[in-house]
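Visitor: I am new to this structure and would like to learn how to read it. Could you walk me through a few features?

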Amino acid sequence: MSQIRKEAALNPHQTQLLVSVRNCEEIAPAIAGGCDILDFKDPAHGALGQVDETTLRAVMEYCQQYSVTLPLSMALGELCEWKREQKGLKIPPEITYLKIGFSDSSGSKNWSSDWQNLIQRIEESSGHQHQWIAVAYADWKQADSLAPDEVLEAASENRCAGLLIDTFSKQNGRLLDLLPPDTLGEIIERAKSSQLKIALAGSLRIQDLEILSDLAPDIIGIRGAACLSFNRTSVIQESAISSFRKQMCFRTDSIRSGRGSC
């Protein structure tokens, strides 16, 4: 296999496409399909399912072998899991973005200090200061999570790089079923005023891009839309990612410049 290279610098004027992969076999089709940010997660273990240590080691070796220079992201699961299970995992310093969710945290008085302790523990272990992405769930009540406004406020107060709005349960509905565009727009405006990157995910489909492009998030994240038959636990398809990417470019360029540039 030839070297895989892509410019890592983020273009602030173009919405980035994040694609979540679960193993080495899915990396090449994700990049060939046009992803800008390569995200590692295990969809079999929830919205932010964390890959195991063996898989993490394998994907990092792959990225080094094939000179993958895309920004790398990783899902760390839920804050409550780290506290309950006393999880331990050394995060490679090459991982730029770390995502954490807050399900089962709405009744906790110590979630903020628990989060800070986790950040400190992981960064001391990796010897690197990662860019943290706080995850707000559109179905936050069903997830017993913090409300999106609370997560946004905490993200801006705790040196986070960004805010991801996702869905916790893929059975509760898709992102735009749960949060209307006006509400999303208000959250996005507040996040950007706090200098936070804003990412949107949650069973998104190509047809959602007409609305999402108007909202102008920094990042759009997909898993199901990248897979066979929209099944997020199925295999990644280059053609599905390429189709999504092309429509992203078309919608963005038609709004911002009136001509294609992707």
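**Reading a strand and its neighbours**

Guide: Let us start with strand E6, which is mostly covered: 5 of its 5 residues are buried. Please keep in mind that this is a predicted model.

Visitor: Which residues of E6 lie on one side, and which on the other?

Guide: Here is the general idea first. In a regular strand the side chains alternate between the two faces of the sheet. Now the case here: Gly-162, Leu-164 and Asp-166 are on one side of E6, while Leu-163 and Ile-165 are on the other, and all are buried, with both faces of the strand covered.

Visitor: How does the chain get from E5 to E6?

Guide: The chain passes through helix H5 (residues 148-157) on the way, and this β-α-β crossover is right-handed.

Visitor: In which sense do E5 and E6 pair, and over how many bridges?

Guide: Strand E5 (residues 131-137) and strand E6 (residues 162-166) are paired in the parallel sense, over 5 bridges.

Visitor: What do the strands form when you follow them in order?

Guide: 8 strands close into a barrel, in the order E1-E2-E3-E4-E5-E6-E7-E8, with parallel pairing. On average, neighbouring strands of this sheet are turned by 25° against each other, direction ignored.

Visitor: Now a helix, please. Where does H7 lie?

Guide: Helix H7 (residues 181-193) lies across E6 and strand E7 (197-200), and runs at about 150° to E7. H7 has 13 residues and reaches 18 Å from its first C-alpha to its last, close to the 18 Å expected at 1.5 Å a residue.

Visitor: Which residues of H7 are buried, and why do they line one face?

Guide: The buried ones are Leu-184, Ile-187, Ile-188 and Ala-191. Seen down the axis of H7, the buried residues fall within an arc of 100°, so they line one face of the helix. Their packing partners are H5, E6, helix H6 (175-178), E7 and helix H8 (209-215).

Visitor: What is on the other side of H7, and what follows the helix?

Guide: Asp-182, Glu-186, Glu-189 and Ser-193 are exposed on that other side. After H7 comes Gln-195, whose phi is positive, near 65°.

How values were computed: Residues are numbered from 1 along each chain as its sequence is written. This is a predicted model: local features need pLDDT of at least 70, side-chain atom pairs count only at pLDDT 80 or more; totals for chains, interfaces and linings use all residues. Side-chain values use heavy atoms; hydrogens and water are left out. Two strands pair if DSSP finds at least two bridges between them. Helices (H or I, at least four residues) and strands (E, at least two) are DSSP runs, numbered from the N terminus. Axes are lines fitted to C-alpha atoms, for helices over the stretch in contact, and angles run from 0 to 180 degrees between N-to-C directions. Contact means heavy atoms within 4.5 Å. Buried means under 20% relative accessible area, exposed over 50%, partly exposed in between (1.4 Å probe, protein chains only). A crossover is right-handed if, with the strands pointing away from the viewer, the path from the first strand over the helix to the second runs clockwise. The expected span of a helix is 1.5 Å times one less than its number of residues. The arc is that of the directions from the helix axis to the C-beta atoms.
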